[in-house]
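Subject: Structure for you to look at, with notes

Dear colleague,

I am passing on the structure we spoke about, together with its sequence. Please open it alongside these notes, which are meant to be read with the model in view.

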Amino acid sequence: MQELMPIINWEMTTFSTPMLAVLVFASVALFPTILLPSTPSIWVAGMTFGYGFGFLLIISAAAVGVSLPFFIGSLFLHRIQGWLEKYPKKAAILRAAGEGNWFHQFKAVTLIRISPFPYIIYNYCAVATHVKYGPYILGSLIGMVPEIFVAIYTGILIQTLADASQEQHTLSAPQILLNVGGFLLTVVTTIVFTVYAKRQLKVLQGEELLLQ
């Protein structure tokens, strides 16, 4: 984070608010396609736009960010399927998302997004599991909500601390408790969801391996 802050500060001082919105949207929409993380851009959204518009901006950009690799992956379908065959245990988690009816696929995709499984990799591999686009996009967006909220809250916290530093005053005790408490609550909630998702994915993985 420390290495990225000069770049983030440069962006926020160089570009206007509307231009920042365009840059944040473009980076969150395009970075996953070229296997780059977009979390710093979500920090900028939190620092600049807060929860409301920041969340709407990120979730709409994320819809593009998970869709492009899904469709691009179809061009390399056989190669991706070959990779999945080399790693049957890991692939079992992904293949579970392509099984069953619409709701089963939606649930599996949501769990994969909440779990620590590398979401950039799943973007490309999903198409090889024959998951339909509808449950894929909806499950992806809902599953990414906890991570997005944590990143936005991190950006808001960074901006709060930066404002206090520039104005050369310390935060009051209630402000510190509110910011730190809110951040911890968000993180703990995300961890709980992640642990639950990992357990459910193990169940799906076991079921998929039994069927093979």
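Below is what was found in it, beginning with the chain as a whole and ending with single residues.

Please keep in mind that this is a predicted model, in which local features need pLDDT of at least 70 and side-chain atom pairs count only at pLDDT 80 or more, while totals for chains, interfaces and linings use all residues. Residues are numbered from 1 along each chain as its sequence is written, and side-chain values use heavy atoms, with hydrogens and water left out.

The chain has nine helices and zero strands, where helices (H or I, at least four residues) and strands (E, at least two) are DSSP runs numbered from the N terminus. Of its 212 residues, 45% count as buried, a word that here means under 20% relative accessible area, with exposed meaning over 50% and partly exposed lying in between (1.4 Å probe, protein chains only). The accessible surface of the chain comes to about 11,700 Å², and 71% of that belongs to carbon and sulfur atoms; these areas come from the Shrake-Rupley method with a 1.4 Å probe, and for residues only the protein chains shown count as cover. Taking contact to mean heavy atoms within 4.5 Å, 80% of the contacts between residues at least 6 apart in sequence join residues at least 24 apart.

An unreviewed UniProt entry lists residues 53-77, 136-156 and 176-197 under "transmembrane region"; the positions are in the numbering used here, feature names are shortened, and such annotations may be inferred rather than shown by experiment. In the model, residues 53-77 are 88% helix and 0% strand, with end C-alpha atoms 36 Å apart, whereas residues 136-156 are 100% helix and 0% strand, with end C-alpha atoms 30 Å apart.

Helix α3 deserves a look of its own. Although α3 (residues 39-73) has 35 residues, its end C-alpha atoms are only 23 Å apart, short of the 51 Å that a straight helix would reach, the expected span being 1.5 Å times one less than the number of residues. At G50, α3 bends by about 125 degrees, the bend being the angle between axes fitted to the seven residues ending there and the seven starting there. The buried residues of α2 are L20, A21, V24, S27, V28 and A29.

Leaving aside neighbours within four places in sequence, Y122 is in contact with L94, A97, V109, I112, R113, F117, V131 and Y136.

S140, in helix α8, is buried with a relative accessible area of 0%, and, apart from neighbours within four places in sequence, S140 is in contact with V66, V109, R113 and P135. A197, in helix α9, is likewise buried, with a relative accessible area of 0%. Not counting residues up to four places away in sequence, A197 touches L111, I114 and S115; A197 and I114 are 83 residues apart in sequence and 6.2 Å apart in space, C-alpha to C-alpha. W83, in helix α4, is partly exposed, with a relative accessible area of 33%.

Finally, please check two loop residues. L35, in the loop between α2 and α3, has a positive phi of about 60 degrees although it is not a glycine, and at 54% relative accessibility L35 counts as exposed. H130, in the loop between α7 and α8, has a positive phi of about 70 degrees and is not a glycine either; at 55% relative accessibility, H130 counts as exposed.
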